[in-house]
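Thanks for coming, everyone. I'll keep this brisk. Have a look at the model first, then we'll talk about helix packing and pockets.

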Amino acid sequence: MAKFLIVEARFYSELNDMLIEGAKGALEAAGHEAEVLTVPGALEVPGAIALAAESGIYDGFVAIGVVIRGETYHFEIVAGESARAIMALTMDGIPIGNGILTVENEAQALVRADASQKDKGGEAAKAAIALFDLSERFGR
């Protein structure tokens, strides 16, 4: 059993709850332990993962959040920079599944967050598990 940290950017509570439910469900179904840490926004998720990874307490991570396009350029910055930073950490060998939704509207987010529909929280957890398994295989 491995220990995973789900790091959530708590902004859209109902949607986040669905994503976390999916992620926890996938991790527990695979026999792993899950803990949740909340940060203010999607830009803080990679920093929290980096800090937690340094602790050595966790074997892998799941990034959770929802970024909905608004009227300003801020969407592109948040969506792009959070994904870029998560990818950089992954390239450093940290097993992370990225479940930060970047969508046009709340209806799209709802379909993707709902565990009975697209279950992107569960998919992100499965990606984190797959990367953890690879890190074990290659001796990291």
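Let's start with a question. Which residues in α1 meet which residues in α5? On the α1 side, they are Leu19, Gly22, Ala23, Ala26 and Leu27. On the α5 side, they are Lys120, Gly121, Gly122, Ala125, Lys126 and Ile129. Keep in mind that this is a predicted model.

Now the geometry of that pair. The axes of α1 and α5 come within 6 Å. They cross at roughly 40°. The crossing of α1 past α5 is right-handed. What classes of residue make up the contact of α1 with α5? Six are nonpolar, three are polar and two are charged.

Helix α1 covers residues 13-29, and helix α4 covers residues 106-113. These two pack at an angle of about 20°. Their axes are 9 Å apart. Angles under 35 degrees count as roughly parallel, so that is the label for α1 and α4. The crossing of α1 and α4 is left-handed. From α1, the residues are Leu15, Met18 and Leu19. They meet Glu106, Ala109, Leu110, Arg112 and Ala113 in α4. By class, this contact has six nonpolar residues, two charged and no polar ones. Note Leu19 of α1: it is listed in the contact with α4, and it is listed in the contact with α5.

Next pair: helix α2, residues 45-55, and helix α3, residues 74-91. How do they cross? Their axes come within 8 Å, at roughly 20°. Again the angle makes the pair roughly parallel, therefore α2 and α3 get that label. The crossing of α2 and α3 is left-handed. Val45, Pro46, Ile49 and Ala50 make the contact from α2. Ser82, Ala85, Ile86 and Leu89 make it from α3. Seven of the residues in this contact are nonpolar, one is polar and none is charged.

On to the pockets. How much space lies in the largest pocket? About 290 Å³. Its lining has 16 residues. Phe11, Val66, Val67, His74 and Val78 lie nearest the centre of the largest pocket. Which elements give two or more residues to that lining? They are β3, residues 60-68, and α3. By class, the lining of the largest pocket has ten nonpolar, four polar and two charged residues.

The second largest pocket has a volume of about 200 Å³. It is lined by 13 residues. Nearest the centre of this pocket are Tyr58, Asp59, Gly93, Ile94 and Pro95. Which helix gives the most to the lining of the second largest pocket? That is α5, residues 120-137, with three residues. The lining of the second largest pocket has six nonpolar, three polar and four charged residues.

To recap the helix pairs: α1 with α5 is right-handed, α1 with α4 is left-handed, and α2 with α3 is left-handed. That's it from me.

Technical notes:
Residues numbered from 1 in each chain as written. Predicted model: local features only at pLDDT ≥ 70, side-chain atom pairs only at ≥ 80, totals over all residues. Heavy atoms only, no water. Axes fitted to C-alpha atoms, helices over the stretch in contact; angles between N-to-C directions. Helix = DSSP H or I, 4+ residues; strand = E, 2+ residues; numbered from the N terminus. Parallel < 35°, antiparallel > 145°, perpendicular 65-115°, else oblique. Left-handed = near helix turned anticlockwise from the far one by under 90°. Contact = heavy atoms within 4.5 Å. Nonpolar A, V, L, I, M, F, W, Y, C, P; charged D, E, K, R; others polar. 1 Å grid on protein atoms, 1.4 Å probe; cavity = no way out; pocket = protein on both sides within 12 Å on 5 of 7 lines; lining within 4 Å. Points joined across faces, edges and corners; volume = space filled by probe spheres on them.
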